[in-house]
Amino acid sequence: MSRGSETSSHRLSFYDVLEVSRTATLEEIRRSYQTLALRYHPDKRKASEREAGGDERADQFIRIDEAWKTLRDERLRRIYDAEQMQRAEEYFVNEILTEADFERDAEQGDVLLRTCRCGGYYILPEDVQPGESIYVSCDECSLIVQVNTVPQR
């Protein structure tokens, strides 16, 4: 899904490009797109503007159009949001668990695991420190759980 528009000069998110919040509705995104598209569209500029700084404005219009094409499609928007979250190293925690929520599985080498709703497993690392909170991802899908361990007494 990542596209070539994410060069060093184009670090703005699609939400920033369209001047909307991450929680904007499709209608809000559409209105902002229409306003910005009219402002930056190459056919809406005077000849003198095209000659002076036309490349920057054309690039801006391309970014606006790309942002709209992604954010207007619900599936593409979810994928884009997930990529942005991973890039920012923010985690969407599906559940908050404790060690007691995991089962010991001798067949898997005496590890602690929990079944994910996709059928995969959350596998608790062996080197977890008591009292520590860690994030564990499913081995099959992208879901993440936070596991709060109990401090030793």
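This dialogue covers confidence, nonpolar cores and a sheet in a predicted model.

User: What does the chain average in pLDDT, and which helix has the lowest mean?

Analyst: Where pLDDT is low, the predicted coordinates should not be read in detail. Here the chain averages 81, and 80% of the residues score at least 70. Among the elements, helix α3 (residues 47–51) has the lowest mean pLDDT, 57, while helix α1 (residues 14–17) has the highest, 95. Over residues 1–10 the pLDDT is below 50, and that stretch has 16 contacts in the model beyond near neighbours in sequence.

User: Which residues touch the most other members of the largest nonpolar core?

Analyst: Nonpolar side chains in soluble globular proteins tend to be buried together. In this chain the largest nonpolar core holds 17 residues, and L18, V20, I29, Y33, I64 and L71 touch the most other members. Two or more core residues come from each of α1, α2 (26–40) and α4 (54–71). Leaving aside residues up to four places away in sequence, V20 touches Y15, E28, I29 and S32. There is also a second, separate core of 13 residues, with F102, Y122, V128 and L143 among them.

User: What is the strand order in the open sheet, and which strands are at the edges?

Analyst: Strands of a sheet pair through backbone hydrogen bonds, in either a parallel or an antiparallel sense. This open sheet has 3 strands in the order β1-β6-β5, with mixed pairing. The edge strands, β1 (93–98) and β5 (133–137), each pair on one side only. From one strand to the next, the twist averages 25°.

User: How many bridges join β5 and β6?

Analyst: β5 and β6 (residues 144–148) pair in the antiparallel sense over 5 bridges. As one case, S133 has N148 in β6 as its bridge partner.

Notes
Residues are numbered from 1 along each chain as its sequence is written. Side-chain values use heavy atoms; hydrogens and water are left out. pLDDT is the predictor's confidence in each residue, from 0 to 100. Helices (H or I, at least four residues) and strands (E, at least two) are DSSP runs, numbered from the N terminus. Contact means heavy atoms within 4.5 Å. A nonpolar core is a set of buried Ala, Val, Leu, Ile, Met, Phe, Trp, Tyr and Cys residues joined through side-chain atoms within 4.5 Å. Buried means under 20% relative accessible area, exposed over 50%, partly exposed in between (1.4 Å probe, protein chains only). Two strands pair if DSSP finds at least two bridges between them. Axes are lines fitted to C-alpha atoms, for helices over the stretch in contact, and angles run from 0 to 180 degrees between N-to-C directions.
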